[in-house]
Amino acid sequence: HSFLSASSAVTHHAQVAWKKFTRKCSSSCHTFPYIRMAQAVSLALSRSHLIVPGIFGLGGGRLALAQRKVVETNYYPSPNSLYSRAQDGHAFVSSILLSVIEGVILLVRAIYLTILFSPSIIMAPFADSCGLKFRKIWLEVVHRTLETAGPAFIKWGQWAATRPDLFPKDLCTKLSELHSRAPEHSFAFTKKTIERAFGRKLSEIFDSFEEEPVASGSIAQVHRASLRFRYPGKRVKPMLVAVKVRHPGVGESIRRDFMIINLVAKLSKFIPTLNWLRLDESVQQFAVFMMSQVDLAREAANLNRFIYNFRSWKDVSFPKPVYPLVHPAVLVETYEQGESVARYVDEFEGYDMVKAKLAHIGTHALLKMLLVDNFIHADMHPGNILVRVSHSKTSRKRLFKSKPHIIFLDVGMTAELSKSDRINLLEFFKAVARRDGQTAAECTLRLSQRQNCPNPKAFIEEVDEAFTFWGTPEGDLVHPAECMEQLLEKVRRHKVNIDGNVCTVLVTMLVLEGWQRKLDPGYDVMETLQTLLLKADWAKSLSYTIDGLMAP
């Protein structure tokens, strides 16, 4: 104002501009002070008789006016922004409605499951006191209930069968018989899923595709097909493949059931008698197990890892994923020919040399997974193991001299151990093989990061007493695997916690030992493990030494 006092006209214009500036600033708080100040200065300068300040003021005024329009646009939305906000409101209302519908579905599902599980829950308190016949009926009711409840509960039952530290032995045995007998979905859905996953028509990928599935489980079903184009437009050599396709809606169904299971686990915290089970932690472990089963791309990654680990083994193999035909809902892998090892365990008479070799190969494969790779196939029941034996044209007798080949299937469920868990578990196996009760009990108590055993001393004394008997000539007749089973029963009774992955490995050892003993009664898995551990200083050079000892 004082700078422009040389001209009365400029002074007048500046005074007018200042009044307008202060009036507008007091009436509006949405614009910034520097824009208003620029407007006032430009108004004064543009009306003066000074040429240079006038040009400067005119340019500054235009710039300030443009900035003002940009700022005010935020406060006077355009029709497009109003439409966008209307869309946001519609999406908000839709999300609320979907949440309400989802809540109703969950409530109806929870009521249905409550009714379905009521008989087995009501019978449970009397299962121990009403005789063996009543208990068998209750076990059958539990078995049928889980089968009816759907894939999530079938998988939970299969997982629970691997936890003899939490559940009675007869219940685990019954749950291990759970079969994933899900109904087959239509070929139309299979075709739609494959085409959506890979962005190509079925005929652009496969030369032939069998509409009837080879097998169907609770998560997916498997079709046999002949691969035509691995990549778009690039024909490959004809290859027989297995195409695993996830069932429709299985992901949503499992997600809802898991929410209900998780809620029940959280409510169990308020029941003192169930606190030691740590159901919330078990449910989280079960969730990881379920995700590995539902995501077929993860199974492909597991296959690649096993293939690499066993790359130098000629008598053990795994199906090979056919990339890029891998998707969370669809997995294309090589089709493996062979007979189930269950036929050699239960049906085939004779074949003693082949059976003995199978026992040897299977045991060393599992010990390599445990001792060398720390990546264990945790679902080694006979249905997931194929046997391929080369047939000789010259003489049938040469069949018995040939070395069988083992193929491991369905590697969705795996286990890995921390370094401390591996050391404790190996010490535990050595103690069981030596019949050293106190060391075995102490190692067992260290198999959980959060041990809640109410009376560790009593547990150690009882285990030591049992192992003392097993060390006598009479007790020497008890198989080491049976010792481990009885030990796990004591773990359950004394409420000793064992981490899920560790227990999975223990049960995998027991399952393997069970069918190995049927193949070759003279072959002792535990003795083989003890021999390997005694030959190798596994604490210093575990990987190199034992891998060399078990080289095929």
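**Chatting through a predicted model**

Student: How many helices and strands does the chain have?
Tutor: Its secondary structure comes to 21 helices and 12 strands. Those are DSSP runs, numbered from the N terminus: H or I of at least four residues for helices, E of at least two for strands. This is a predicted model, where local features need pLDDT of at least 70, side-chain atom pairs count only at pLDDT 80 or more, and totals for chains, interfaces and linings use all residues. Residues are numbered from 1 along each chain as its sequence is written, and side-chain values use heavy atoms, leaving out hydrogens and water.

Student: What share of the chain is buried?
Tutor: Of the 552 residues, 45% are buried (under 20% relative accessible area; exposed is over 50%, partly exposed in between, with a 1.4 Å probe and protein chains only).

Student: Why is helix H6 largely enclosed?
Tutor: Because eight of the 10 residues in H6, which covers 151–160, are buried. Among them are Phe 153, Ile 154 and Trp 159, and Lys 155 is buried there too.

Student: And Ile 96, where's that?
Tutor: In helix H4, residues 79–123. Ile 96 is partly exposed, at 41% relative accessible area.

Student: Switching to strands: in what order do E5, E8, E10 and E11 line up?
Tutor: E5-E11-E10-E8, as an open sheet with mixed pairing (two strands pair if DSSP finds at least two bridges between them). The edges are E5 (316–317) and E8 (339–340), each pairing on one side only.

Student: How do E5 and E11 run, parallel or antiparallel?
Tutor: Parallel, joined by two bridges. Ser 317 has Ile 407 in E11 as its bridge partner.
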